[in-house]
Amino acid sequence: MDISTELMSVIHDRQNNPEEGSYTNYLFEKGREKIAKKLGEEAVEVCIAAAKNNKEETIGELADLTYHALVLMADMGITLEDVEKELRNRR
């Protein structure tokens, strides 16, 4: 199992079995607007880190961006396969 699939599995588990103190559950409780806002914030942080030419910081911010994108996908019922299919179609 690749890391994206593993993370999505954990996110779905939190969605279906809330765990107190879980940041993922916090995002789901706050709703799609909060999730989308966090995704946007992370995208900006990726851009800032890249503009500073800081590779390590950019990697960390890309990880945050990816996580928040996966949470949004789960919230909207979008699967990794849906995104993969779209990427294949664009190729």
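This is a predicted model: local features need pLDDT of at least 70, side-chain atom pairs count only at pLDDT 80 or more; totals for chains, interfaces and linings use all residues.

Q: Why is Lys-38 called buried?
A: The cut-off for buried is under 20% relative accessible area. Lys-38 comes in at 16%, so buried it is. This lysine sits in helix H3, residues 32-51. Skipping residues up to four places away in sequence, Lys-38 touches Tyr-23, Leu-27 and His-68.

Q: What makes H2 and H3 oblique to each other?
A: Their axes cross at roughly 120° and come within 5 Å. Roughly perpendicular covers 65 to 115 degrees and roughly antiparallel starts over 145, so the H2 and H3 pair falls under oblique.

Q: Which residues meet where H2 contacts H3?
A: From H2 you get Tyr-23, Tyr-26, Leu-27, Phe-28 and Lys-30, and from H3 Lys-34, Ile-35 and Lys-38. Sorted by type, that contact has 5 nonpolar residues, no polar ones and 3 charged ones.

Q: How do you know that Tyr-23 and Tyr-26 pair up, and what makes the pair stacked?
A: Ring centres have to lie within 6.5 Å to pair, and planes under 30 degrees apart count as stacked. Here the centres are 5.9 Å apart and the planes sit at 25°, so both tests are passed and the pair is stacked. The two tyrosines are 3 residues apart in helix H2, about one turn of the helix. The structure holds 2 aromatic pairs, and ring pairs link Tyr-23, Tyr-26 and Tyr-67 into a cluster.

Q: Why do Tyr-23 and Tyr-26 count as partly exposed?
A: Partly exposed is the band between the buried limit of 20% and the exposed limit of 50%. Tyr-23 has 35% relative accessibility, so that label applies, and Tyr-26 gets it at 34%. Thr-5, in helix H1, is also labelled partly exposed because its value is 34%.

Q: What makes Asn-53 exposed?
A: Exposed needs over 50%, and Asn-53 has a relative accessible area of 70%, so the label holds. You'll find Asn-53 in the loop between H3 and H4. Its phi is near 60°, a positive value in a residue other than glycine.

Q: What makes the largest nonpolar core a core, and which residues are in it?
A: The members have to be buried residues of the nonpolar kinds listed for a core, joined through side-chain atoms within 4.5 Å. The largest such set has 11 residues: Met-8, Ile-11, Leu-27, Phe-28, Ile-35, Tyr-67, Leu-70, Val-71, Leu-72, Met-73 and Ala-74. As background, nonpolar side chains in soluble globular proteins tend to be buried together.

Q: Which residues does Leu-72 contact, leaving aside neighbours within four places in sequence?
A: Leu-72 is in contact with Arg-32, Ile-35 and Leu-39.

Notes:
Residues are numbered from 1 along each chain as its sequence is written. Side-chain values use heavy atoms; hydrogens and water are left out. Buried means under 20% relative accessible area, exposed over 50%, partly exposed in between (1.4 Å probe, protein chains only). Contact means heavy atoms within 4.5 Å. Helices (H or I, at least four residues) and strands (E, at least two) are DSSP runs, numbered from the N terminus. Axes are lines fitted to C-alpha atoms, for helices over the stretch in contact, and angles run from 0 to 180 degrees between N-to-C directions. Angles under 35 degrees count as roughly parallel, over 145 as roughly antiparallel, 65 to 115 as roughly perpendicular and the rest as oblique. Ala, Val, Leu, Ile, Met, Phe, Trp, Tyr, Cys and Pro count as nonpolar, Asp, Glu, Lys and Arg as charged, and the others, Gly among them, as polar. Rings of Phe, Tyr and Trp (its six-membered ring) pair if their centres lie within 6.5 Å; planes under 30 degrees apart count as stacked, over 60 as edge-to-face and the rest as tilted.
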